[in-house]
Protein chains: 2
Amino acid sequence: MKDVLQAWKELAAQLRVDSIRCSTAAGSGHPTSSLSAADLMAVLVSKYLKYDWNAPENPNNDRLIFSKGHASPLLYSIYKAVGAIDDDELMTYRRFGSRLQGHPNPRVLPWVEAATGSLGQGIGIGVGMAINGKYLDELPYRTWVLLGDSEMAEGSVWEAFDKASYYQLNHLIAIIDMNRLGQRGETELGWDAAGYANRCRAFGWNAIELNGHDLPAIDLAFAEALAQQNAPSCLIAKTIKGRGVEPIENADGWHGKALPPDMAEKAIAALGGERRITVSVSPPENQQPARTRAEQPLKLPVYKVGEQHATRKAYGDALAALGASRGELVVLDGEVSNSTHSDEFQKAFPDRFFEMFIAEQQMLAAGVGLARTGKMVFTSTFAAFWTRAFDQIRMAAISNVDLKLCGSHAGVSIGEDGPSQMGLEDLAMMRTVFGSTVLYPCDANQTARLVERMAETSGICYLRTTRGKTDVIYDEREAFEVGGSKTLRQSDDDRVAIVAAGITLHEAQKACDSLEAEGIRARLIDAYSVKPIDRDALFKADRDTGGRLVVVEDHWAEGGLGAAVTEAFALGTFGAGPAAQPTIVQLAVQEMPGSGAPAELLSAAGIDAEHIAQAVRELAAGKLKTAPASHGIRLDQTSGSPK
Amino acid sequence: MKDVLQAWKELAAQLRVDSIRCSTAAGSGHPTSSLSAADLMAVLVSKYLKYDWNAPENPNNDRLIFSKGHASPLLYSIYKAVGAIDDDELMTYRRFGSRLQGHPNPRVLPWVEAATGSLGQGIGIGVGMAINGKYLDELPYRTWVLLGDSEMAEGSVWEAFDKASYYQLNHLIAIIDMNRLGQRGETELGWDAAGYANRCRAFGWNAIELNGHDLPAIDLAFAEALAQQNAPSCLIAKTIKGRGVEPIENADGWHGKALPPDMAEKAIAALGGERRITVSVSPPENQQPARTRAEQPLKLPVYKVGEQHATRKAYGDALAALGASRGELVVLDGEVSNSTHSDEFQKAFPDRFFEMFIAEQQMLAAGVGLARTGKMVFTSTFAAFWTRAFDQIRMAAISNVDLKLCGSHAGVSIGEDGPSQMGLEDLAMMRTVFGSTVLYPCDANQTARLVERMAETSGICYLRTTRGKTDVIYDEREAFEVGGSKTLRQSDDDRVAIVAAGITLHEAQKACDSLEAEGIRARLIDAYSVKPIDRDALFKADRDTGGRLVVVEDHWAEGGLGAAVTEAFALGTFGAGPAAQPTIVQLAVQEMPGSGAPAELLSAAGIDAEHIAQAVRELAAGKLKTAPASHGIRLDQTSGSPK
């Protein structure tokens with residue numbers, strides 16, 4: 001045991017020295033937050049972690065997540081100690097082009113489980129990975145999550161703790177590096193280990209208080225954690241920030257600061273200098289994931305043209321169909337599955353449905369964890385409530401995760417529930433996510449087809465569904481591609497083109513009927529693929545109509561379908577782009593709605609058939625007034641139309 | 001006492017009957033979630049609440065927040081019982097134009113403290129109101145928050161619980177209506193009162209378990225809560241969903257459903273029919289708010305043209321200056337005040353600075369609560385981390401609250417910390433908030449002036465600051481209006497206009513220098529007011545340059561400054577708008593950045609001086625290539641420019 005302790009001590013010293021070396025070379029980074037956790041990680045890596053560094057994709061590997069992603073010097077020093085990277089690469093830390101970014105990123109480093117750096121997210125992702133191990137792959141791997149003490153103030157952490165005990169994730173082990181000091185002074189709870197322990201226990205965890213620099217105590221704590229049968233465990237490790245570098249131990253003002261070269265040199269010498277220890281990590285089990293399900297050919301639901309069905313219901317039906325076809329499909333919902341209709345999947349495949357209750361951040365984080373274990377993950381809630389998880393969505397895009405999101409109850413057309421339940425910013429939010437896809441079907445068959453497309457679409461893929469029933473207008477054999485559109489009405493003398501999607505597509509249909517009766521031909525484009533938008537169809541409409549477009553959406557005026565259309569014309573199109581830039585009239589929600597019947601609210605927002613028709617008439621006649629440059633953007637309401 | 005009990009019982013029956021009546025008349029709503037809490041509210045309103053219904057603005061009033069906003073039938077029935085509204089108005093519930101929306105909204109109803117309906121937010125807002133009572137106004141009013149049990153799964157609730165005990169808010173009383181049933185079945189904890197109590201106690205609260213239909217027990221529980229000296233109290237009230245309507249008591253499948261008229265009729269009869277009770281609510285104290293501070297004339301900080309200062313530092317300096325001038329100014333930060341530089345205010349006015357630690361949702365919610373008590377509230381964190389509070393920001397806009405947000409460390413120009421810390425979607429997010437203002441200064445004097453402007457700007461007002469130091473280019477006497485812009489370079493033969501803001505303004509300056517040396521004149525517009533954007537300046541630039549604009553921003557390509565510019569040209573401008581629609585080249589971040597030096601990352605993103613100059617050259621020469629219509633939007637990188 002003495003030899004073992006000495007080996008751990010030496011490894012911890014190397015992790016400290018390397019954490020200092022790489023951050024000092026970079027001139028930035030968080031060495032002090034790395035030093036506090038070095039002893040914990042030395043024991044974990046030497047004795048408990050099971051990992052094949054040559055096969056990071058091995059499903060039996062333990063998962064190690066640095067929820068405190070700023071301790072990346074420590075993580076990368078571990079990668080060096082296990083031989084995954086060499087010392088030369090370690091010293092590229094934070095440099096342009098290096099894989100060793102300021103915060104860990106699986107986009108570039110295969111051993112990183114998820115991008116962290118926005119605090120309070122790693123533990124929620126770990127919950128998803130542990131759910132997979134226990135309920136899906138049925139593999140005995142463990143998920144280890146290193147947390148900072150400051151991030152325990154994030155509500156997302158407690159959503160994760162809640163779900164971990166609810167799902168009895170005994171193979172999930174959290175380690176709180178309680179070093180007392182946050183970025184700007186003492187943390188909220190300081191060294192109050194009992195305070196953390198009480199919270200952990202109240203949330204159903206096994207809590208273990210320990211001295212995070214006492215190697216035998218660390219050893220015992222990990223052993224106790226692994227002995228748990230039903231509860232996740234949390235080590236509350238009292239540590240000292242900057243531990244091992246005496247002048248900055250437990251000192252304020254050293255968060256996120258690299259040691260200057262002279263201090264670093266002295267500190268490294270005091271720690272016994274550089275070492276060349278290579279630690280041998282235990283290999284993982286060699287088991288097959290449990291799930292080898294028989295998969296049937298996909299048989300999407302079919303809806304009769306002319307009937308009325310809600311697209312949210314079609315989403316659920318299609319999800320259930322896809323579930324029969326794809327064994328790796330997993331569905332999460334935020335306690336609204338009977339509204340989003342993901343309950344259709346739950347009824348068919350209860351073992352692959354995980355209720356996240358009203359915890360949207362955790363739903364997204366668990367989705368990231370499950371996606372990282374190879375599952376195809378669909379998640380759903382009201383469109384409005386996805387705003388709750390925007391930071392997690394943003395980070396998922398950094399992680400390069402494939403994740404499918406559905407937002408139901410979009411727009412004023414939900415009616416009586418009022419503005420708190422109306423997703424009116426979801427398109428803007430989802431469009432600005434890196435590499436995202438944004439889809440917005442108008443009928444049930446289109447929805448089913450787009451759910452099928454989502455299954456094969458990488459990155460963050462968002463589907464917006466509608467609360468009310470809408471006419472089925474597409475035959476079930478109609479195909480819909482991501483990036484495509486459908487031109488529903490077209491003639492040789494189209495004077496204006498209307499671009500719509502979802503609920504407004506039906507309003508635009510009615511508008512076209514009225515206009516045709518008056519002898520005004522308008523083209524109608526169903527822009528179900530909001531991102532990427534079908535630029536070719538827009539450019540053609542621009543040419544064919546002499547540059548007259550009306551865009552109508554059940555969404556705020558900023559960043560949604562209107563923006564997608566205007567931005568489409570706003571690139572480097574000087575050469576081979578459209579011959580003329582169009583005049584684009586944007587109809588969108590511009591005043592705060594209240595409650596009311598859907599038709600009343602669509603009319604009040606100026607996005608119903610009558611307003612569309614009036615905009616087309618005035619644009620066709622060249623009568624449209626200039627919009628006043630008041631606060632925000634605002635279309636001058638077409639004259640003669642109802643309030 | 002018997003008479004009192006009888007009176008409470010009668011009132012509770014009336015609240016139940018009216019909740020049923022108004023929701024059945026509306027054909028929608030949540031009567032069962034109202035029935036469960038009727039006894040709790042009957043006692044509260046009859047005995048404990050202190051409120052002047054004729055003066056909702058009275059600072060001594062207790063605050064009553066329905067965090068479970070869907071129980072609005074109960075809230076509105078209370079309003080009727082106290083005489084604030086009449087029965088006719090009650091029966092307009094959920095109708096178009098009615099003040100009685102599906103979820104309570106202070107925009108239309110003066111007694112509502114904050115818009116709720118997105119769960120888990122009311123308690124955080126209550127924390128802000130209780131902070132005001134204890135630390136600012138120093139008034140003895142109490143803040144009562146009715147919570148649903150399902151929303152206890154939201155992490156934001158635990159952020160609020162955490163801050164409430166940290167700030168020892170003994171005048172904050174939470175009431176959990178533990179009716180066991182959520183929207184789609186049993187809640188996570190069901191009737192496990194001890195489970196809730198343990199969590200409350202672990203978070204520092206006094207927890208009281210009770211039967212929520214036992215009127216004397218409710219009375220005792222409120223009394224116990226009010227006797228607390230240092231801790232907030234939480235009543236965990238075991239209740240029955242649908243209580244009082246026997247066929248649907250504790251029955252699944254009745255969430256959010258109005259009773260059909262025949263059922264309603266029977267239920268009302270069983271409850272003893274309609275009543276006409278008017279309850280007399282105790283008046284509030286008659287005290288003056290403590291804070292009558294001497295206010296000095298505003299003396300903004302001044303920076304010398306030609307020096308370099310970070311706009312984030314100028315934000316902090318200006319905030320401190322504003323604090324001396326405005327006694328009602330309160331500042332919150334999310335444990336990054338030494339990065340956002342709100343610590344400059346904290347040093348000057350520690351009693352008006354509230355540390356929210358790393359809990360962005362709670363920071364925003366507390367800001368709403370403080371703003372609703374008449375404070376001018378500035379809040380700050382990294383631009384990236386505001387995504388964590390998007391739902392709270394969305395709801396604050398529904399509440400019609402004035403709130404000032406600052407996001408620091410925006411864009412790739414932060415450098416080595418990498419993408420998790422780069423705000424690259426904040427402009428899109430903030431622009432799509434209803435009624436918002438979005439400002440993005442490029443130098444220290446401009447920042448100080450815009451902080452001054454923020455103080456007088458209503459709604460959600462967002463300021464984006466930059467991490468690194470930038471040249472001071474504006475004299476301190478220069479004025480900046482919301483909705484304005486500055487044209488920094490202009491000539492009679494401008495061939496292209498560059499629109500930039502913040503960090504890219506400085507890159508554009510350098511680009512203009514190079515271009516002028518080549519004989520190419522470009523106009524340069526500082527679009528510091530991203531929303532509202534200065535459309536007149538854009539239209540003029542369009543006319544003067546023959547329709548050639550380059551927009552450059554340190555932000556994703558969707559929804560930011562580029563969208564603001566394209567959308568500005570995309571309204572009903574057919575008549576008196578710009579003579580020609582411009583060609584707009586959009587330079588924005590389009591690939592996932594890594595770590596690196598700021599200059600390296602600006603170059604890699606194609607938004608530095610060299611890329612701007614090249615785009616201008618090619619646009620001026622008519623050589624710009626068409627952008628490929630690939631995934632998302634993407635500008636074809638100008639040839640010859642560095643990778």
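Where in chain A is the place of A:H341? The loop between α12 (337-340) and α13 (343-348) of chain A holds A:H341. The legends below describe a predicted model, in which local features need pLDDT of at least 70, side-chain atom pairs count only at pLDDT 80 or more, and totals for chains, interfaces and linings use all residues. Residues are numbered from 1 along each chain as its sequence is written, chains are lettered from A in the order in which they are written, and side-chain values use heavy atoms, with hydrogens and water left out.

Figure 1. Most residues other than glycine have a negative phi. A:H341 is not a glycine, yet its phi is positive, about 75°. At 15% relative accessibility, A:H341 counts as buried (buried means under 20% relative accessible area, exposed over 50%, partly exposed in between, with a 1.4 Å probe and protein chains only). B:E138 also is not a glycine and has a positive phi of about 50°. B:E138 sits in the loop between α6 (122-136) and β2 (143-148) of chain B. Helices here are DSSP runs of H or I with at least four residues, strands are runs of E with at least two, and both are numbered from the N terminus. B:E138 is partly exposed, with a relative accessible area of 48%.

Figure 2. Most peptide bonds are trans. The bond from A:K531 to A:P532 is cis, with omega near -5°. A:P532 lies in the loop between β19 (529-531) and α19 (535-544) of chain A. In chain B, a cis bond joins B:K531 and B:P532, with omega about -5°. B:P532 is in the loop between β19 (529-531) and α19 (535-544) of chain B.

Figure 3. Two copies of a chain are related by a rotation about an axis and a shift along it. Here a rotation of 180° with 0.0 Å of shift superposes chain B on chain A, with an RMSD of 0.0 Å. That is the relation of a two-fold axis. The same surface serves both copies: 100% of the contact residues of chain B recur in chain A. Contact means heavy atoms within 4.5 Å. Of the residues of chain B, B:G155 comes closest to the rotation axis, at 1.8 Å (C-alpha).

**Figure 4. The largest cavity.** A search of the whole structure finds 17 cavities of 30 Å³ or more. A cavity is a set of points on a 1 Å grid over the protein atoms alone where a 1.4 Å probe fits but cannot get out, and lining residues have an atom within 4 Å of a point. The largest has a volume of about 120 Å³. Both chains contribute to its lining, which includes A:T566, A:F569, A:Q581, B:T566, B:F569 and B:Q581. The lining has eight nonpolar, four polar and no charged residues. Ala, Val, Leu, Ile, Met, Phe, Trp, Tyr, Cys and Pro count as nonpolar, Asp, Glu, Lys and Arg as charged, and the others, Gly among them, as polar.

**Figure 5. Nonpolar cores.** The largest nonpolar core has 294 residues. Such a core is a set of buried Ala, Val, Leu, Ile, Met, Phe, Trp, Tyr and Cys residues joined through side-chain atoms within 4.5 Å. A:F161 and B:F161 have the most contacts inside the largest core. Leaving aside neighbours within four places in sequence, the contacts of A:F161 include A:I123, A:M152, A:F203 and A:W205. A second, separate core of 50 residues includes A:W53, A:A71, A:I78 and A:L109.

**Figure 6. Helix α3 of chain A.** Helix α3 (residues 38-48) is mostly covered, with nine of its 11 residues buried. Among the buried residues are A:D39, A:M41 and A:Y48.

Figure 7. B:G560 is found in the loop between β20 (548-556) and α20 (561-568) of chain B. At 0% relative accessibility, B:G560 counts as buried. Beyond four places in sequence, B:G560 is in contact with B:L427, B:A428, B:R431, B:E553 and B:H555. B:T24 lies in helix α1 (residues 2-26) of chain B. B:T24 is buried, at 17% relative accessibility. Not counting residues up to four places away, B:T24 touches B:A258, B:L259, B:P260, B:P261 and B:A264.

Definitions and conventions: On a 1 Å grid over the protein atoms alone, a cavity is a set of points where a 1.4 Å probe fits but cannot get out, and a pocket is an open set with protein on both sides within 12 Å along at least five of seven lines; lining residues have an atom within 4 Å of a point. Grid points are joined across faces, edges and corners, and a volume is the space filled by probe spheres set on the points. Copies are superposed by least squares on the C-alpha atoms of residues with pLDDT of at least 70 in both.
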